[in-house]
Amino acid sequence: MAKHITILPGDGIGTEIMTEAVKVLDALIAKGLDVTYEQKLFGGAAHDSTGSCLPEDTLEACRACDAILLGAIGGPVYDKLPRDERPERGLLKLRSTLELFSNLRPAMLFPQLADASSLKPELVAGLDLMILRELTGGIYFGEPRGISTDDSSGNERRGFNTMVYTESEITRIAHSAFRIAMQRGKRLCSVDKANVLEVSELWREIVTTIGAEYPEVELTHMYVDNAAMQLVREPKQFDVMVTSNLFGDILSDAAAMLTGSIGMLPSASLDVAGKGMYEPVHGSAPDIAGQGIANPLATILSLAMLLRYSFDEAASADRIEQAVAKVLDQGLRSADIAADGESVSTSAMGDAVVLALST
Ligand code: IPM
Ligand code: MG
């Protein structure tokens with residue numbers, strides 16, 4: 001039976017980049033890929049027309065499908081909504097409802113784009129690192145949380161969140177991390193703040209215990225402040241990094257920038273069964289939305305990742321990745337990766353990938 005994708009273009013550049021990813025998907029379907037898809041509203045766009053960022057109909061489609069492809073969500077207009085109605089909350093709800101706890105954020109340098117990094121070329125040449133971010137726990141979801149209005153002092157409010165991990169949450173992300181390390185360079189660095197936080201102390205203890213089941217993997221631990229420094233000092237020392245939700249949010253942006261092209265990086269968020277939501281690492285970029293200059297390649301590569309990891313369609317995934325490499329070899333660059341040279345539009349880039357697929 002055909003596998004089914006729910007497509008969520010979202011906001012900002014999300015709709016523009018998704019149009020290009022759908023062109024690529026259509027081209028593969030035309031060549032025999034047995035996949036169907038359907039678009040649903042999500043984020044600010046959904047709020048505009050239904051009053052909810054994550055309408056029930058969208059959530060249901062995401063539950064029922066085999067995989068989700070997401071563009072990006074959010075924008076300045078929606079920042080004014082009450083906190084619970086904002087697009088970011090919809091995204092967090094989707095992640096937690098579907099239990100997409102394992103977030104793979106690769107940062108690899110495309111050799112064709114070596115000049116785009118802000119680091120010296122020798123520090124990043126050949127960079128290929130995977131950050132595994134825990135996505136459904138930690139301070140993003142911990143209770144209690146809030147802004148108190150009834151402070152006993154009477155004149156000062158208090159904002160608070162709770163960083164919490166249970167043993168089973170740490171155990172399952174640790175297993176994911178060791179398994180990924182086994183498929184790669186067999187080196188895993190667990191990042192925490194165990195010198196200060198009890199939650200990190202438990203994290204470190206459990207990751208170490210699980211490590212005994214993977215004797216081939218070399219496990220190290222690093223405090224998050226040092227990890228941030230090491231990422232910009234000598235990023236190639238890392239193979240796989242595993243960390244909590246908040247630390248992973250921050251470190252994965254830094255790692256993405258090492259490649260000089262956050263517009264190139266896909267990501268996957270998986271549940272225990274391997275069902276996943278795939279999305280570019282970058283956001284909705286409201287500053288350039290609607291101009292037709294966004295880079296669609298991260299979304300197109302997210303589609304490749306979806307086909308590889310959730311649908312076991314390695315051949316189609318390879319074809320997409322090779323087509324992307326080909327357009328880069330041809331010298332095509334969107335504005336974000338053009339350095340000072342000439343750039344092509346979002347749709348021209350998508351068309352070029354489609355063309356490269358069939359040549
Ligand atoms: C990300 C984003 C989200 C996060 C926001 C949009 C809620 O920054 O996916 O990294 O913080 O997880
Ligand atoms: Mg982020």
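Where is the place of Lys186? Select Lys186 and you land in the loop between helix H6 (167-183) and strand E8 (187-192); helices (H or I, at least four residues) and strands (E, at least two) are DSSP runs, numbered from the N terminus. Lys186 has a positive phi of about 60° without being a glycine. Most residues other than glycine have a negative phi, and most peptide bonds are trans.

Before moving on: this is a predicted model, where local features need pLDDT of at least 70 and side-chain atom pairs count only at pLDDT 80 or more, while totals for chains, interfaces and linings use all residues. Residues are numbered from 1 along each chain as written, chains are lettered from A and ligands numbered from 1 in the order written, and side-chain values use heavy atoms, with hydrogens and water left out.

Next, pick Pro144, in the loop between strand E5 (128-134) and strand E6 (146-148). The peptide bond joining Glu143 and Pro144 is cis, with omega about 0°.

Now go to ligand 1. Around it (a heavy atom within 4 Å), select Glu88, Arg95, Arg105, Arg133, Tyr140 and Asp249. That shell takes at least three residues from each of domain 1 (1-109 + 262-359) and domain 2 (128-258), with bounds from an automatic or database domain assignment.

Show the polar contacts (N or O pairs within 3.5 Å). Oxygen atoms of ligand 1 lie 2.5 Å from a side-chain N or O atom of Tyr140, 2.8 Å from one of Asp249, and 2.8 Å from a polar side-chain atom of Arg95. Alone, ligand 1 exposes 320 Å², and the protein buries 74% of that (Shrake-Rupley, 1.4 Å probe).

Terms used:
A polar contact is a pair of N or O atoms within 3.5 Å; within protein, one must be able to donate a hydrogen and the other to accept it, and residues adjacent in sequence count only if both atoms are side-chain atoms.
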